[in-house]
Amino acid sequence: MEELTIEALAAVDKEELIDEIMNRYGQEILQLTFSYVNNKAVAEDLTQDIFVKCYKNLHTYNGKSKLRTWLWRIAINHCKDFLKSWYNKNVVITEEAPAMNVTKKEMVEEKVIQKEVDDQLITAVMSLPIKYREVIYLHYYEDMQIKEIALLTEVSNNTIKTRLRRAKELLKERLEG
């Protein structure tokens, strides 16, 4: 997939551009936000907020990094801000009861899908502290190099290597124990 250049960004209508960015990176950003909050509805809301921020701040993108990196930086900061927020610490989010017009077949399908989501590895990854979960997600699920993760999270390469090693140790303990 070709990266959007700063020249292309300037030449394209802002609404068309945000549509293109959402089409290209929407699923990635949703998965990233889910890795932080572990709740589909909250992840969807945060993803929407992230793209609103992107839209409002497109004029600040200077082309020094890839658009994807710039967008991920916005997403990571937004997720971290959310995790520190009063709302996240004080509001309990519950899963809504299934609608009464849902068929039995749809309920069974949802249970099968939910079972896949509750896979042992995902559960173990999601139980890790955020600094370990973050590097595991970015390295293994997004195939990012240590250097890219360090740039994105604004910590040193050695810190990322240490977190990755410690995260693997914790996962091994949790999966074997």
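The model is predicted: local features need pLDDT of at least 70, side-chain atom pairs count only at pLDDT 80 or more, and totals for chains, interfaces and linings use all residues. Residues are numbered from 1 along each chain as its sequence is written, and side-chain values use heavy atoms, with hydrogens and water left out.

**Overall fold**

The chain has 10 helices and zero strands. Helices (H or I, at least four residues) and strands (E, at least two) are DSSP runs, numbered from the N terminus. Along the sequence the pattern reads α-α-α-α-α-α-α-α-α-α. Of the 177 residues, 33% are buried. Buried means under 20% relative accessible area, exposed means over 50%, and partly exposed lies in between (1.4 Å probe, protein chains only). The chain exposes about 11,700 Å², with carbon and sulfur atoms supplying 53% of it. Accessible areas come from the Shrake-Rupley method with a 1.4 Å probe; for residues, only the protein chains shown count as cover. Among contacts between residues at least 6 apart in sequence, 64% join residues at least 24 apart. Contact means heavy atoms within 4.5 Å.

Thr 33 sits in helix H2. Its relative accessible area is 0%, so Thr 33 is buried. Not counting residues up to four places away in sequence, Thr 33 touches Ala 43, Leu 46, Thr 47, Ile 50 and Cys 79.

Thr 69 belongs to helix H4 (residues 67–84). Thr 69 is partly exposed, because its relative accessible area is 24%. Leaving aside neighbours within four places in sequence, Thr 69 is in contact with Leu 151 and Leu 152. Thr 69 and Ile 149 are 80 residues apart in sequence, yet 9.8 Å apart in space, C-alpha to C-alpha.

**Salt bridges**

The structure holds eight salt bridges. A salt bridge is a side-chain nitrogen of Lys or Arg within 4 Å of a carboxyl oxygen of Asp or Glu.

| Pair | N to O distance |
|---|---|
| Glu 44 and Lys 40 | 4.0 Å |
| Glu 154 and Arg 73 | 3.9 Å |
| Glu 169 and Arg 166 | 3.4 Å |

The side chains of Glu 154 and Arg 73 meet in a salt bridge. This pair links distant parts of the chain, 81 residues apart: Glu 154 is in the loop between helix H9 (146–153) and helix H10 (157–176), and Arg 73 is in helix H4. Glu 154 is exposed at 60% relative accessible area, whereas Arg 73 is buried at 15%.

Glu 44 and Lys 40 both lie in helix H3 (residues 40–56), four residues apart, about one turn of the helix. Glu 44 is partly exposed at 36%; Lys 40 is exposed at 58%. Glu 169 and Arg 166 are three residues apart in helix H10, so about one helical turn separates them. Glu 169 is partly exposed at 35%, and Arg 166 is partly exposed at 32%.

A network of salt bridges links Glu 28, Arg 68 and Glu 142.

**Surface patches**

Leu 121, Tyr 140, Tyr 141 and Leu 175 make a nonpolar surface patch of about 360 Å². Patches are made of residues with over 30% relative accessible area and no salt bridge; like charges are joined within 9 Å, and nonpolar side chains (Val, Leu, Ile, Met, Phe, Trp, Tyr) within 5 Å. Leu 121 lies in helix H7 (residues 120–126). Leu 121 is partly exposed, at 37% relative accessibility.

Asp 13, Glu 15, Glu 16 and Asp 19 gather in a surface patch of negative charge. Lys and Arg count as positive, Asp and Glu as negative; His and the chain ends are not counted. The place of a charge is taken as NZ of Lys, CZ of Arg, CG of Asp or CD of Glu. Glu 16 is found in helix H2 (residues 14–37) and is exposed at 52%.
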